[in-house]
Amino acid sequence: MHILVIGATGYVGHRVSAALARAGHTVLGLTRDAAGPAARELMRNEVTPVQGDFAVPETWREHLDGTDAVVHLLLDMNDPLGTDRRLFAELAAAQERSGRRHHLVYTTGISSYGRTGLPLMDENTPGNPESPLGFRFLLEKELAAGPLAHTVVRPGFVYGGPATTSMTGHWFVAAEAGKPVFYGDTAKRYSWVHVDDLAEAYVRVLENPAAVDGEVFVIADDQRLRTLDVQRSVIGAAGCTEEIGLEPAEAGGMMHMAADQDELVSNDKARRLLGWRPRHVAVTDDPALLYRAWKAGPRDD
């Protein structure tokens, strides 16, 4: 397949693009700078960088006509509804021009559920419309009602590898600064997924996209760990012995507010229909290894 990955130079995007290329697909990675270091890293993984700004469809529209699938991994915080709706419209127009279907693999996340009060959520759990990320469920519904072939992936909290934009990465930064902070409810628990296990799920979706057209998959491991305990394990691996400061979720911004509750999900559907299994058991298995991987990764400075 010819696949365009939107968000290819991001933390998850790099791993997904590389996994798809290893699986034998021809992969294009959309990037604002096709000559920069992130694009060169794509090339090392046999992914072809193509220049374009996701917020400006005119810069990447031409790449749709030759593709069989689009993997969307980018959340545009400036205009999350508008940019994704433009993507849907561009794909529909490309389908009309060429007469071929372009399968969209659309990524949201388990924090989109918001506060449901349920001990375990799955693909059929309705999201709370009051969640700060509730608009992602709205976009999922628009996809379901529209003409596009698509599959929705809702990952758990991602960890592993360079972890540049993950929660564990933020914890490592704070640990090295000697200022670890936990935001929100100290009893909350999250479902996690290693970035390479997540990438494997995208490969499996695109092995036979017609078989999973219209489906939604939650991708997370089976652990039910208290998030504060996970943070203690992670910052300890970074050599931080400072007491973790406790702050309200509001102090951490929108993403912490969106995730200020238990977010535990079942992966039964992914196991059953995709044959997917998490190979990495838990984020706390080897936090020192995670710290070394993060430390060796790219830094903004």
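Predicted model: local features only at pLDDT ≥ 70, side-chain atom pairs only at ≥ 80, totals over all residues.
## Starting with helices and strands

Helices (H or I, at least four residues) and strands (E, at least two) are DSSP runs, numbered from the N terminus.

Glu 46 has a phi near 65 degrees, which is a positive value in a residue other than glycine. Is Glu 46 buried or exposed? Its relative accessibility is 67%, so Glu 46 counts as exposed, since the cut-off for exposed is over 50%.

## The whole chain

Let's zoom out. The protein chain contains 10 helices and 11 strands. Its radius of gyration is 19 Å, close to the 19 Å that the globule rule gives for 301 residues, so the chain is as compact as a globular protein of that length. Along its principal axes, the C-alpha trace spans about 60 × 40 × 35 Å.

Of the 301 residues, 52% are buried. Now take the contacts in the chain with a separation of 6 or more: 78% of them involve residues 24 or more positions apart.

In soluble globular proteins, nonpolar side chains tend to be buried together. In this model, the largest nonpolar core has 62 residues, and the members that touch the most others are Leu 20, Val 71, Trp 192 and Ile 219. Helix 6 (residues 195–205) gives the largest share of this core, with seven residues. There's also a second, separate core of 23 residues, with Leu 4, Phe 88, Ala 94 and Leu 143 among them.

Which residues does Val 71 contact, leaving aside neighbours within four places in sequence? The list is Ile 3, Leu 4, Val 5, Ile 6, Val 16, Leu 20, Val 105, Tyr 202 and Leu 206.

Back to helix 6. Eight of its 11 residues are buried, so helix 6 is largely enclosed by the rest of the structure. Those buried residues are Val 195, Asp 197, Leu 198, Ala 199, Ala 201, Tyr 202, Val 203 and Val 205.

Glu 140 belongs to helix 4 (residues 135–145). Its relative accessible area is 7%, so Glu 140 is buried, because buried means under 20%. Not counting residues up to four places away in sequence, Glu 140 touches Tyr 106, Thr 108, Val 152, Arg 154 and Val 216.

Next up is Ala 163, in the loop between strand 7 (157–159) and helix 5 (167–177). Its phi is near 50 degrees, a positive value in a residue other than glycine. Ala 163 is buried, with a relative accessible area of 2%.

Finally, find Trp 171 in helix 5. Trp 171 is buried, at 6% relative accessible area. Apart from neighbours within four places in sequence, its contacts are Val 181, Trp 192, Thr 227, Val 230, Gln 231, Val 234 and Ile 235. How many Å separate Trp 171 and Ala 144, C-alpha to C-alpha? They are 36 Å apart in space and 27 residues apart in sequence.

How values were computed:
Residues numbered from 1 in each chain as written. Heavy atoms only, no water. Core = buried A, V, L, I, M, F, W, Y, C linked by side-chain atoms within 4.5 Å. Buried < 20%, exposed > 50% of the residue type's maximum accessible area, 1.4 Å probe, protein only. Contact = heavy atoms within 4.5 Å. Rg over C-alpha atoms; globule rule 2.2 N^0.38 Å.
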